[in-house]
Amino acid sequence: MSLLDLSPEQRAELAAQVRGQYQELQAKGLSLDLTRGKPSAEQLDFSNALLSLPGDVYHDSSGTDVRNYGNLRGLMDLRQIWGDLLGIDPQNIIAGDASSLNIMFDLISLAYIWGTPDSPRPWSQEESVKWICPVPGYDRHFTITEKFGFEMIPVPMLEDGPDVDAIRELVKDSQVKGMWTVPIFGNPTGVTFSAEKTKALAEMEAAAPDFRIIWDNAYAVHTLTEEFPEVLDVLALSAQAGNPNRFWWMSSTSKITHAGAGVSFFASSTQNLDWYVSLAGARGIGPNKVNQLAHALFFRDAEGVRSLMRKHAASLAPKFDRVLGILQERLGTYDVARWTSPQGGYFISLDVLDGTAARVVELAREAGIALTGAGSSFPLHRDPNDRNIRLAPSLPPVEEIAEAMDGVATCVLLAAVEKLGE
């Protein structure tokens, strides 16, 4: 039964009950955090063998001494593993340092200063630069384009990927230079792009010859089940469509091994990679190849990565199940919220009653529960409906998650009855 279908007396009774529950919640003096999608200590422990690698081995399979300078493209040993894992030719992959976000920032910086191989001029010399942002989306992506002052254009994220029809219209504008994506188990919705929409993004005509899609495979192997999703080779799709330079393909080990000491990957066309290396080589001589060799020895092969990710799934799945169970138990009756039920990734997207997300976050904070700020999944943190909240269940133990989510549900109900004037 919807909250709106309750009689005035029933709503008043529920409001009194929820206010009592909230007072009890505040009295607990909680200090719980559901703000960031960090791996738990248990997950980090899965890769502790890395801390003793590569040991006294310091040559890769080609005989190169990894302790020395050089090789801006990274170790082929590890690039081969990642190519096998995600279906990309390792010759088109660069292995870098810990953060793929660093490479994304660098790519946009290089295009802004010098332009891409397809740019008529550097992006800084354009009258304006516009960027497509599927929403809800990844806040750290939006922060990068915000820093450059790009006009960020939201498009809705649907159940099988972004609204492609809206994107087709937007890219008719030559000032639209790029688009953010998280195509598999997206942040925060958990949505995976369909093959149809992936193909459409690779093939569609764009007025800007230097239109780029940042294809961030941050969660491509982060299943919550025993099944791994299909990873489409967007580089091949776009090349076949006559758009070989369209995709800047990203990945990393950040939520696979140790989040602060992983390896990032950038894959693209040969022309894009040569352009990147020619400019990035001015700021550095090469990545941390010792760490790359350690990862190659630790994984051994693509199946080694999958085996590790099954351990992660076994750790994460009970936490997601607990969150979804509490949401259904506490909120399903009243029809005041909707949420995603992802099969992978690190987040659950919660939509509350329009106009109440900021109030839910405020109520939770006052009760000792930290949530990601309302609107964080939108450019400039502006959710026009004030409805979306990103939940991150990965870091706390299950018991804390249960207590926090029960409290969040109370806050959602309280904000809803307040909105309805009860």
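Colleague: Which residues lie nearest the centre of the largest cavity?

Modeller: Bear in mind that this is a predicted model. The search of the whole structure gives two cavities of 30 Å³ or more. The largest has a volume of about 90 Å³. Its lining has 13 residues, and those nearest the centre are Pro134, Gly137, Tyr138, Val182 and Asn187.

Colleague: Which elements give two or more residues to the lining of the largest cavity?

Modeller: By class, that lining has seven nonpolar, six polar and no charged residues. Two or more of them come from each of helix H5 (139-147) and strand S6 (176-181).

Colleague: What do the buried residues of H5 pack against?

Modeller: Buried here means under 20% relative accessible area. In H5, Asp139, His141, Phe142, Ile144 and Thr145 are buried. They pack against helix H4 (100-114), strand S3 (130-135), strand S4 (151-158), S6, strand S7 (212-216) and strand S13 (388-391).

Colleague: Which residue of S6 is the bridge partner of Trp131?

Modeller: Start from the open sheet of eight strands, with the order S2-S9-S8-S7-S6-S3-S4-S5 and mixed pairing. Its edge strands are S2 (93-95) and S5 (161-162). S3 and S6 run parallel and are joined by three bridges. In S6, the partner of Trp131 is Gly178.

Colleague: Where does the second largest cavity lie?

Modeller: This cavity holds about 30 Å³ of space. It is lined by Asp139, Phe142, Thr143, Glu146, Ser376, Phe378, Pro379, Leu380 and His381. Domain 1 (8-43 + 307-421) and domain 2 (58-301) both give residues to that lining, so the second largest cavity lies between them.

Colleague: How many charged residues are in the lining of the second largest cavity?

Modeller: Asp and Glu count as charged. Asp139 and Glu146 are among the lining residues. The lining divides into four nonpolar and three polar residues, and the charged ones number two.

Colleague: How many residues of domain 2 are in contact with domain 1?

Modeller: The centres of the two domains, taken over C-alpha atoms, are separated by 31 Å. Contact is counted for heavy atoms within 4.5 Å. From domain 1, 27 residues take part; from domain 2, the number is 31.

Colleague: Which element gives the most to the lining of the largest pocket?

Modeller: The largest pocket has a volume of about 510 Å³. Of its 24 lining residues, Leu101, Tyr138, Arg140, Ser254 and Lys255 are the closest to the centre. At least two lining residues come from each of H4 and strand S8 (247-252). With three residues, the element that gives the most is H4.

Colleague: How many residues in the lining of the largest pocket are charged?

Modeller: Domain 1 and domain 2 each supply at least three residues of this lining. By class, nine are nonpolar and nine are polar; the charged ones number six.

Colleague: Where does the second largest pocket lie?

Modeller: About 360 Å³ of space lies in the second largest pocket. Of its 21 lining residues, Glu159, Thr189, Gly190, Val191 and Thr340 lie nearest the centre. Both domain 1 and domain 2 give residues to the lining, so the second largest pocket lies between them.

Colleague: Which strands each supply at least two residues of the lining of the second largest pocket?

Modeller: This lining has eight nonpolar, nine polar and four charged residues. At least two residues come from each of S4, strand S10 (337-339) and strand S11 (348-352).

Note on methods:
Residues are numbered from 1 along each chain as its sequence is written. This is a predicted model: local features need pLDDT of at least 70, side-chain atom pairs count only at pLDDT 80 or more; totals for chains, interfaces and linings use all residues. Side-chain values use heavy atoms; hydrogens and water are left out. On a 1 Å grid over the protein atoms alone, a cavity is a set of points where a 1.4 Å probe fits but cannot get out, and a pocket is an open set with protein on both sides within 12 Å along at least five of seven lines; lining residues have an atom within 4 Å of a point. Grid points are joined across faces, edges and corners, and a volume is the space filled by probe spheres set on the points. Helices (H or I, at least four residues) and strands (E, at least two) are DSSP runs, numbered from the N terminus. Domain bounds come from an automatic or database domain assignment. Buried means under 20% relative accessible area, exposed over 50%, partly exposed in between (1.4 Å probe, protein chains only). Two strands pair if DSSP finds at least two bridges between them.
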